[in-house]
Amino acid sequence: MVVELARLDPDASKEQVLHHLAIDGGVIIKQMLDADTIEKFKTDVAGQVESQEPGAKTGGDRTVEFWGHQTKRFTRLGWRSPTFEQILLQQMMIDVCDHVLLPSCDDYWMNTGQMMIIGPGESDQMWHRDAGNWMTLCTPTSPEVTVSCMYALGDFTADNGATRVVPGSHLWGDYQQAPAQDQTAIAEMESGDGMIYSGRVIHYGGANTTTDWRLGLHVSFVLGWLTPEEALPLSTPWESAETMSERAQRLLGWRSYGVRSRLWTVDYEDIPVAFDRN
Ligand SMILES: O=C(O)CCC(=O)C(=O)O
Ligand SMILES: [Fe+2]
């Protein structure tokens with residue numbers, strides 16, 4: 001039996017996307033990003049793609065393994081690319097996050113915008129759930145704390161490291177249970193396609209047995225009362241965030257959080273007001 005994720009057309013409705021996300025924990029949407037946006041973004045980050053060394057420089061054994069010895073990762077995308085704001089605000093992803101995350105927070109922010117470039121010779125990543133970052137909030141009864149999208153900036157194939165996903169594993173009663181091969185889908189995608197997935201679904205980057213690099217762009221969001229993976233305002237300085245929309249500024253940590261709660265403030269004010277930068 002071959003396990004597959006649903007593959008929706010670009011004009012799929014939010015309801016369709018949410019339907020498959022609820023059942024499988026992941027769903028592929030064709031052409032979430034257009035070719036022009038991808039070209040611009042790839043041009044913006046080309047130098048870093050080239051110069052970035054594979055593998056982690058810091059972290060414990062688990063982090064080093066998780067990162068991948070033949071995988072290049074880097075962030076700071078709002079600073080590195082003027083095109084990133086558009087990707088950050090991709091409408092379907094925002095619609096999905098509004099639906100999934102807003103019941104548990106006044107607002108959410110970016111967790112990380114991270115290039116994940118799996119190189120030749122990389123082996124399968126360890127299986128995991130992204131919500132595991134927030135430890136006690138990664139249990140069968142936890143609310144959804146994070147939602148991710150993996151955008152293919154080049155083709156994702158079974159051989160070059162396409163993300164592996166275990167449909168339905170977000171609903172398992174035992175989060176210690178290891179997935180079996182025949183429960184695992186291969187998220188093969190064409191450049192521009194995106195896979196939206198729950199923070200509670202088991203997945204991992206695949207091994208790359210080809211001679212090419214797999215170009216993935218991961219953009220994820222997390223409840224505004226949790227610490228994101230990326231130190232957001234340090235990654236995207238005000239000089240880069242200044243010209244962005246208010247929504248993008250909030251997603252990148254340049255605005256405060258809360259209506260019922262009040263978080264991430266300066267002088268207990270909204271950040272740009274405190275700095276007289278409104
Ligand atoms: O690169 C991939 O396909 C997935 C990587 C991943 O899941 C992660 O690093 O959290
Ligand atoms: Fe992951």
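Which side chain has an N or O atom 2.9 Å from an oxygen atom of ligand 1? In this predicted model, the side chain is that of His203. The protein covers 96% of the 290 Å² of accessible area that ligand 1 has on its own (Shrake-Rupley method, 1.4 Å probe). Two further polar contacts (pairs of N or O atoms within 3.5 Å) involve oxygen atoms of ligand 1: a polar side-chain atom of Thr163 lies 2.6 Å away, and one of Asp130 lies 3.4 Å away.

The model is predicted, with local features requiring pLDDT of at least 70 and side-chain atom pairs pLDDT 80 or more, while totals for chains, interfaces and linings use all residues. Residues are numbered from 1 along each chain as its sequence is written, chains are lettered from A and ligands numbered from 1 in written order, and side-chain values use heavy atoms, without hydrogens and water.

In helix 6 (residues 91–101), the buried residues include Met92, Ile94 and Leu101; helices are DSSP runs of H or I with at least four residues, numbered from the N terminus. The N-terminal end of helix 6 is capped by Gln90, with a side-chain oxygen 2.9 Å from the backbone nitrogen of Met92.

Key. A polar contact is a pair of N or O atoms within 3.5 Å; within protein, one must be able to donate a hydrogen and the other to accept it, and residues adjacent in sequence count only if both atoms are side-chain atoms. Buried means under 20% relative accessible area, exposed over 50%, partly exposed in between (1.4 Å probe, protein chains only). Helices (H or I, at least four residues) and strands (E, at least two) are DSSP runs, numbered from the N terminus.
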